[in-house]
Structures are given as structure tokens and as C-alpha cells.
Amino acid sequence: MILLASDYDGTLAINNEIPKVNLEALLKFKSEGHKFAVVSGRSIEMLPLDIIACDYVIAASGSIIVNDKKEVLKRTKMTKDVVFNVLDIIKRSNAISYEISNGFYASLNYLIDPDEHPYASMKRFLSCFSHLEKDMLEENEIVQISVAFIDDNDVQMFLSKIGSIKEVQPHINGHYIDITSKNASKKNALKYLSEDDCKIITIGDGLNDYEMIKHYCGFAMKNGNPKNYDVACKVVNSFSECIDCLLNQT
């Protein structure tokens, strides 16, 4: 039995939509008795779980794991002091927005005029939670802080400053940086699930998928970060092609 762990954006979903061919391939894969996990930097409520047949969801860059009933199996939180230290660095950077997440949902906060924000997809998913930052901070359940930039130089400057906080690690995905507890990652979340009687295989496109591709017999998306090619067992054009490869070899 295989547990296929797939990144969401740029892998299972393309431009915020899951192609029909990918959904059909996933259903075929599941019908053969295999298991599936979606692995994402997104929070759980940002994922269309009503149409994805998931056995597990690994969200917020590995900070939270839930089963198919949304029962929490593992959650790795940041301390309140660390959260406020990260937010202080963000607000003194050239970031254009940031999100704080408890794993299930995230609150979007603009640092520029919302009408000038270039990443429109964020508004679609997060605007309904934008008023919850104060409550989320008081609950002390923060697992991830995500920050967005426009310029590569601003990304590098931010990374150099966030490196001073030893309790966290950044997960780099283009102009987005997801910040979690030091021990939280997609790779480590899969390690937590490795006690199951399944062979774990992964697929992803971004630099934040590099470690899980390297450690778990991974497929790399051809349209993704070229660094993943070097550690992948195979480079594929699509999620559905990955499924075809797996079903033809089993």
C-alpha cells in the first residue's frame, strides 16, 4: 500500500483550481486501495477538502496533521514570545502582507493598500478571517506566520533577520515565506505518519517541498523549482502523470 503525499498549489491544484484529470486520477488511485495526504503551506480551511479524498491533511507547512474527520493528530505551536518577535521583524520589513494561522484558518493582514496588493488569490481565501488576529493571538494557538513580498532583495533581507530567532524556521516558496516552529516541516510530519503500514511517496513543485521529495521517494513537477530535479526519483509534467507511474509499477 502507498501513501501518496502531494503538495497542493502548483501540483494537485493549478492556479487555485484542481484539474478534472487530477481528481479522476486521485479517485482511481484510491480505488486501488492506496492512501492519500495533501501537504500544504495553506491552513486547513483554505483547502477544498469537500472534493479531495484525503486520508490525512498536513497543513501550515507541517505544523498540523489531521485525519479524514479533521481530528488533530499532531499540532506544533510557537510560543507567544516567539510569535511577537516574528511579527515585530515583519512589521519593520518591506513585507506587503502577513498571515497568522492556528492550522485551521488564517488571518490576513495588509501592510500596503489592499487594492495595490498583487496576490489576489489571498483575498479570496482569507478576507473572511481578517478580523480575528487579536483573538487568535490571545488563544496562543499560532502554528505558522506567513509573509509576502514583492522584491527578491526584500526576501533575502527578511531571511537574514528572521535567522536570529533560533526557535523558528522559514519555509521558502518564491516571494512567500512560511515561518513555523523549528521542528515543524512537511518532511517531519510525514515521518510522524510513517508508522502506518504504507510506503510513503511524495510529489511537489516548490522549494518548500525539497526535503520531503528528497527523503520520501519523491516526484518533482517539471514546472516547479529545478532544485527538486536533483533529488527526485522522477520528474513529471502533472499530478495525473505521477499517478499513472505509480499504478503501472504496482
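**Reading a helix pair and a sheet**

Guide: The axes of helix α1 (residues 20-31) and helix α8 (residues 239-249) come within 8 Å and cross at roughly 25 degrees. This is a predicted model, where local features need pLDDT of at least 70, side-chain atom pairs count only at pLDDT 80 or more, and totals for chains, interfaces and linings use all residues. Residues are numbered from 1 along each chain as its sequence is written, and side-chain values use heavy atoms, with hydrogens and water left out.

Visitor: How do I read a helix pair?

Guide: Two packed helices are described by the angle between their axes and the distance between the axes. Axes are lines fitted to C-alpha atoms, for helices over the stretch in contact; angles run from 0 to 180 degrees between N-to-C directions. Helices (H or I, at least four residues) and strands (E, at least two) are DSSP runs, numbered from the N terminus.

Visitor: What does the angle say about α1 and α8?

Guide: They are therefore roughly parallel to each other. Angles under 35 degrees count as roughly parallel. The crossing of α1 past α8 is left-handed, meaning the near helix is turned anticlockwise from the far one by less than a right angle.

Visitor: Which residues in α1 and α8 meet?

Guide: From α1, V21, N22, A25, L26, K28 and F29. From α8, F239, S240, I243, L246 and L247. Contact means heavy atoms within 4.5 Å. By class, this contact has eight nonpolar, two polar and one charged residues. Ala, Val, Leu, Ile, Met, Phe, Trp, Tyr, Cys and Pro count as nonpolar, Asp, Glu, Lys and Arg as charged, and the others, Gly among them, as polar.

Visitor: In what order do the five strands form the open sheet?

Guide: Two strands pair if DSSP finds at least two bridges between them. Here the order is β7-β6-β8-β10-β9, with antiparallel pairing. β7 (106-110) and β9 (168-173) stand at the edges, each with a single partner strand, so one side of each is left without a neighbour in the sheet. The twist averages 20 degrees from one strand to the next.

Visitor: Which helices lie across the strands?

Guide: Helix α2 (residues 80-91) lies across β6, β8, β9 and β10 (176-181), at about 5 degrees to β8. Helix α5 (residues 152-162) lies across β8, β9 and β10, at about 10 degrees to β10.

Notes:
Parallel < 35°, antiparallel > 145°, perpendicular 65-115°, else oblique.
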